[in-house]
Amino acid sequence: MSDRKAPLDGIVTVDLTRVLAGPYLTMMLAEMGARVIKVEVPGTGDDARHFGPFVEGQSAYFAGINRGKQSIALNLKEKEDRDLFLRLVRKADVLVENFKPGTMEKLDLGWESLHEMNSRLIYAAVSGFGHTGPYRDRPAYDLVVQAMGGIMSLTGHAGESPVRVGTSLGDITAALFGLSGVLAALYDREVTGRGTKVDVAMLDCQVAILENAIGRYFADGRIPGPLGMRHPSITPFSGLRTRTGEYLVLAVGNDAMFRRLCTLIDREDLSADERYATNGGRTDHHESLYAELEQALSGKTMEQWLELFNSNGIPCGPINNVRDVVEDPQVLSRNMIVTAKGERGLVFRMPGNPVKFSNYGDPDTRGAIPACDADRAAILEFLEE
């Protein structure tokens, strides 16, 4: 029987990242069992340590994406600290950084230099626009790439101001694409014996998740715009008001399901109407159809409709707020709210890991949130092994 505790057990990651995209990537590596050694600026540490909200002086923002890591403070411009950093690189499997392109090269610590030192190293760089292209040297934050990547033009309601997606989607998508690149590079190393550079741009990732919006534009030449909750090509696929005024979302993906929905709401006449008999027709006549459906749904409360639809295989759900989400029995049963200890024993609650492995555990308590430079002694001991 294997004594491995997680899929990436034994993988050592040097983490030069700060704020969100890079730290989220390395957090996921830690969640999968990697040893993540976070290299921070002496004195101040990761900028995110100073972002609220704060609990007893500790940043919940920082806590949520840096659990289970070790911290050491190094000034890479000072010889002693630089030498210590290079010792870490020689023992590492992965290095992740999210500096502006060229920053590591100015320190003579870029991909070429580190690859020469450790040919098995996977070097992952996450930046706003990537390490090539005309925008390479521009700074970027989540808001900038959401705007430039098109997703803000699709979010919100027609005729209203553009809307930022409510979470930092620009950072998180870059983290997850970066994670997939690192995992692929680790597998490739098993075959080739050599590391590689993984270059991930936040803007590229926004383009990648535009999915059918780009396909629709190339198909008919029309520029997609915001549709509120409505889907551009599947109907009914939206939020509809019930008797109490609460919204219920319905996702009816085919004609047979639509006919079943009409039977459940006692409106078989809608599925018999030639305007609504097919998905294409329903999409062309979505305004009149949604008016008919809301009128029918006004006969019961949201909870009554949820019970009826769920028991009859109609995809549906409430529009939960954050409190609803963290108290949802399905979310809790999947261990998606976990805890981690901060400084002075303070306990933080935070999202769990959505990736579950059948042969590894998923504890509800995660590794501690490190204080800046708190693990120096343990890391120095590791370097002597």
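This report covers the salt bridges of a predicted model.

## Overview

The structure contains 19 salt bridges.

## A pair within helix α3

Lys-79 and Asp-83 form a salt bridge through their side chains, with an N to O distance of 2.8 Å. Both residues sit in helix α3, which spans residues 79–91. They are four residues apart, so about one helical turn separates them.

Their surroundings can be read from accessibility. Lys-79 is exposed, at 63% relative accessibility. Asp-83 is partly exposed, at 32%.

## A link from helix α3 to helix α18

Arg-87 pairs with Glu-384 in a salt bridge. The closest N and O atoms lie 2.8 Å apart. Arg-87 belongs to helix α3, while Glu-384 belongs to helix α18 (residues 376–384). The pair therefore ties together parts that are 297 residues apart in sequence.

Arg-87 is partly exposed, with 32% relative accessibility. Glu-384 is exposed, with a relative accessible area of 59%.

## A pair at residues 136 and 137

Arg-136 and Asp-137 also form a salt bridge. Here the closest N and O atoms are 3.0 Å apart. Asp-137 is partly exposed, with a relative accessible area of 45%. Arg-136 is partly exposed too, at 26%.

## A salt-bridge network

Salt bridges also join residues into a network. Its members are Glu-31, Arg-67, Lys-356, Asp-362 and Arg-366.

Note on methods. Residues numbered from 1 in each chain as written. Predicted model: local features only at pLDDT ≥ 70, side-chain atom pairs only at ≥ 80, totals over all residues. Heavy atoms only, no water. Salt bridge = Lys/Arg side-chain N within 4 Å of Asp/Glu carboxyl O. Helix = DSSP H or I, 4+ residues; strand = E, 2+ residues; numbered from the N terminus. Buried < 20%, exposed > 50% of the residue type's maximum accessible area, 1.4 Å probe, protein only.
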